[in-house]
Amino acid sequence: MVDESGADFRCGIVDVLEAAALHKRHAEVRVDGCWRRVRVIDVVTDHGEDWVVLPGDDRLAVSRIEKARPER
């Protein structure tokens, strides 16, 4: 059975981002219809929201990410 809330989809994105952080690699994320290459430092949860920590302590909300894939 598929979870209609989108939780499975978000878990897949978080998995890709956590793997990138663990292996000190970049990931490609789609935000607002455009693909971006990002250096993932960490993935954290703050106030119930998952965040991607980027260099310089910048953050990107996982909820804004439409798709994620390992860097090619």
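**Strand pairing and overall make-up of the predicted model**

Strand β1 (residues 26-31) pairs with strand β2 (residues 34-39) in the antiparallel sense over six bridges, where two strands are taken to pair if DSSP finds at least two bridges between them. In this arrangement V29 stands opposite R36 in β2. The two strands β1 and β2 form a hairpin with two residues between them, and in the turn D32 has a positive phi of about 55°. Strand β1 also pairs in the antiparallel sense with strand β6 (residues 65-70), here over five bridges, and A27 stands opposite P70 in β6.

The model is a predicted one, in which local features need pLDDT of at least 70 and side-chain atom pairs count only at pLDDT 80 or more, while totals for chains, interfaces and linings use all residues. Residues are numbered from 1 along each chain as its sequence is written, and side-chain values use heavy atoms, with hydrogens and water left out.

Taken as a whole, the protein has one helix and six strands, which run α-β-β-β-β-β-β from the N terminus on; helices (H or I, at least four residues) and strands (E, at least two) are DSSP runs, numbered from the N terminus. Of the 72 residues of the protein, 28% count as buried, that is, under 20% relative accessible area with a 1.4 Å probe and protein chains only. The protein exposes about 4900 Å², of which carbon and sulfur atoms supply 50%, with areas from the Shrake-Rupley method and a 1.4 Å probe. Among contacts (heavy atoms within 4.5 Å) between residues at least 6 apart in sequence, 45% join residues at least 24 apart.

Technical notes. Buried means under 20% relative accessible area, exposed over 50%, partly exposed in between (1.4 Å probe, protein chains only).
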